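Subject: Handover of a structure

Dear colleague,

Please find the structure below. My notes on what was found in it follow.

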Amino acid sequence: MHIADFVSGSFAGACGVAVGYPMDTVKVRIQTQRQFTGVWQCVASTFSKEGVHGFFKGMTLPIATISMTSSVVFGTYRNCLQCLSQVRRAGCGPNTKPEVFLSGMAAGVAQTSVMSPGDIVKVRLQCQTASMRGGTSLPKPRYRGPVHCLLSIVKEDGIRGLYRGALPLMLRDATSFAIYFLTYTTIREWLTDSGNQRPSWSGVMLAGGMSGIVGWTLATPMDVIKARLQMDGTQEMRRYKGFFHCITETVRSEGGGVFFKSLGINWLRAFPVNMVVFVTYEGVTSFLKD
């Protein structure tokens, strides 16, 4: 088993969260709240009402959990590659593109079980526009922090409530991670000079950034559905009966374009985040294996 990939994936995920969290907050708010009409309007409104702190709401739990989820993603991916290679030709030679695709898909599915509870807490805290620093006359936030949010969800909906939105999360990650790793591997090979086993660091940065953009292009529609199911019922009566009802109701009331409403911010966030993720992953992996 490639233990080093679990460790380096853990570091890479934590670094990625630190870089991309403010833009992730903007993305989630645009996806779930109609009061925000665009990226810059959301940024300006958040900053004016909540300050810089507003962009980092709910970050504590993701930092703590993303290390585990990213470790699962990269560890599962690398070990699936090894297993498929051994089954096909006793581990000799480079992996094929179908093997990369299937391993990426397995990594996305594996991540869902450990990511879902932390993700719903993150989304709910990000969507709290009320500030703890507000005056006594202003409404207070529903959740006082990550632990209070987690316990509140369990109290209201049981353990099952922590997995609300798990189906679109799994569909999002299975397809996006398959393409994500395939894009990274392909661009990485293009940028690697003949005779070398790995590209330059600039090549890793470009391949990582581009793989993030391609992956999030596919992931955004399911990400919108996931966020809406996770937020459903927190501020008003429950609106959606389930996964398919959420899709049809969203299209009926807002049109199909709403599924790509946050695509621009996802692109803007994806390049630097995944550039950092893969540079960290490759760097830590090289250090551990050398």
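Helices are DSSP runs of H or I with at least four residues, numbered from the N terminus. This is a predicted model, in which local features need pLDDT of at least 70 and side-chain atom pairs count only at pLDDT 80 or more, while totals for chains, interfaces and linings use all residues. Residues are numbered from 1 along each chain as its sequence is written, and side-chain values use heavy atoms, with hydrogens and water left out.

**The cavity**

A cavity is a set of points on a 1 Å grid over the protein atoms alone where a 1.4 Å probe fits but cannot get out; lining residues have an atom within 4 Å of a point. The structure holds one cavity of 30 Å³ or more. The volume of the largest cavity is about 710 Å³, taken as the space filled by probe spheres set on the points, which are joined across faces, edges and corners. Its lining has 37 residues, and Ile66, Met115, Phe177, Trp216 and Arg269 lie nearest its centre. Helix H1 (3-32), H3, H4, H6, H7 and H9 each supply at least two lining residues; the largest share, eight residues, comes from H1.

**Thr285**

Thr285 belongs to helix H9 (residues 263-289). Its relative accessible area is 9%, so Thr285 counts as buried (under 20%, with a 1.4 Å probe and protein chains only). Leaving out residues up to four places away in sequence, Thr285 touches Asp5 and Ser8, where contact means heavy atoms within 4.5 Å.

Yours sincerely

Note on methods
Buried < 20%, exposed > 50% of the residue type's maximum accessible area, 1.4 Å probe, protein only. 1 Å grid on protein atoms, 1.4 Å probe; cavity = no way out; pocket = protein on both sides within 12 Å on 5 of 7 lines; lining within 4 Å.
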